[in-house]
Amino acid sequence: MSESIRWKNGARCAVALSFDVDGESPWIHRDPALAERPLHMGMGAYGPKTGMPRIMRVLDRYDVKVCFFIPGWIVERYPDMAREALRRGHEIGHHGYLHEKPFFLSGREEEEALLVKSLDIFQSVLGVRPRGSRSPSCDPSKHTMELLRKHGFVYHSNVMDTDLPYCHKTPYGELVELPTSWVNNDWVYFGFSAVPPVGNGIWSQEDVFEIWKEEFEGAYEEGGFFNLMGHPQVIGRPSRMRMVERLIQHILAKKDVWIAPPIEVAEHYLSQR
Ligand SMILES: [Zn+2]
């Protein structure tokens, strides 16, 4: 692993923003009975239906391109939403089929079958092949990296052991890791359900702004990498997107920050090693 990375165009630090467009899928995966509950189906649907248009409007205002990691089941359910993200120039990434956590699957065969099933959906609905993957609930298995590389992926993003990108070694070659952290994940501050109990209450967006701004400032100071992950069903609220917009303004005000979709960060990392 390199001690530091030379970022594109001599930038001091790199920033990648991404959103996991989970929709209803994690609720159904958690408990199939929730598929019959309008409360949870509504909370999930808020992401693709209401959060996504707002998020894309804010990103367009600053010409910031991001990655939307989308479960295959959601691509099938909301094809126009996924097409619109592509049309606006964003990257589309893999995020399971119905938000299955790879660690809890029965083994390599089931994990590979679900991966192939999702890739087929991306191809048939969107005509694209994702090159980045985020394991649902940040919970990959011991097979995940090898299977992703075998099926042509360039990077995975949500292992939590480092600040800077590095490579997983697999029998099929190297797979870039773009590490994340719970601290840069909106769900822990804003995700909520009373029954079943989920989340840590609803936090002030100002407190979260402070945390994220300082995480970014720390990365900037060290010449590092700030990798922020949101979920449209929680970050897509008006108050929270006003906060994200202020964060984008704060980042862009630095002038020497490279802000790019994760696939570009991963490819740059591979090219400069
Ligand atoms: Zn997710």
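1. Helices α2 and α10 run roughly parallel to each other, because angles under 35 degrees count as roughly parallel. Their axes, which are lines fitted to C-alpha atoms over the stretch in contact, with angles from 0 to 180 degrees between N-to-C directions, come within 11 Å and cross at roughly 20°. For orientation, α2 covers residues 38-61 and α10 covers residues 238-252. α2 passes α10 in a right-handed crossing, meaning that the near helix is turned clockwise from the far one by less than a right angle.

2. Before going on: this is a predicted model, where local features need pLDDT of at least 70, side-chain atom pairs count only at pLDDT 80 or more, and totals for chains, interfaces and linings use all residues. Numbering starts from 1 along each chain as its sequence is written.

3. Which residues of α2 and α10 make the contact? On α2 they are Arg54, Ile55 and Val58, and on α10 Met241, Val244 and Glu245 (contact: C-beta atoms, placed from the backbone, within 7 Å). By class that gives 4 nonpolar, no polar and 2 charged residues, with Ala, Val, Leu, Ile, Met, Phe, Trp, Tyr, Cys and Pro as nonpolar, Asp, Glu, Lys and Arg as charged, and the others, Gly among them, as polar.

4. α10 has another partner in α8 (residues 205-222): these axes come within 10 Å and cross at roughly 25°. That makes α8 roughly parallel to α10, and this crossing is right-handed. From α8, Gln205, Val208, Phe209, Trp212, Lys213 and Phe216 take part; facing them in α10 are residues including Met243, Leu247 and Ile251. The residues of this contact split into 7 nonpolar, 3 polar and 3 charged.

5. On the whole chain: there are 11 helices and 11 strands, taken as DSSP runs (H or I, at least four residues, for helices; E, at least two, for strands) numbered from the N terminus.

6. Worth a look in the backbone: Val195 and Pro196 are joined by a cis peptide bond, omega about 0°, and Pro196 sits in the loop between β8 and β9. Asp63 has a positive phi near 55°, as does His99, near 65°. Asp63 is exposed, with 9 other C-beta atoms within 10 Å, whereas His99 counts as buried with 23 (buried is 20 or more, exposed 12 or fewer, partly exposed in between, with C-beta atoms placed from the backbone).

Key
Angles under 35 degrees count as roughly parallel, over 145 as roughly antiparallel, 65 to 115 as roughly perpendicular and the rest as oblique. Two residues are in contact if their C-beta atoms, placed from the backbone, lie within 7 Å.
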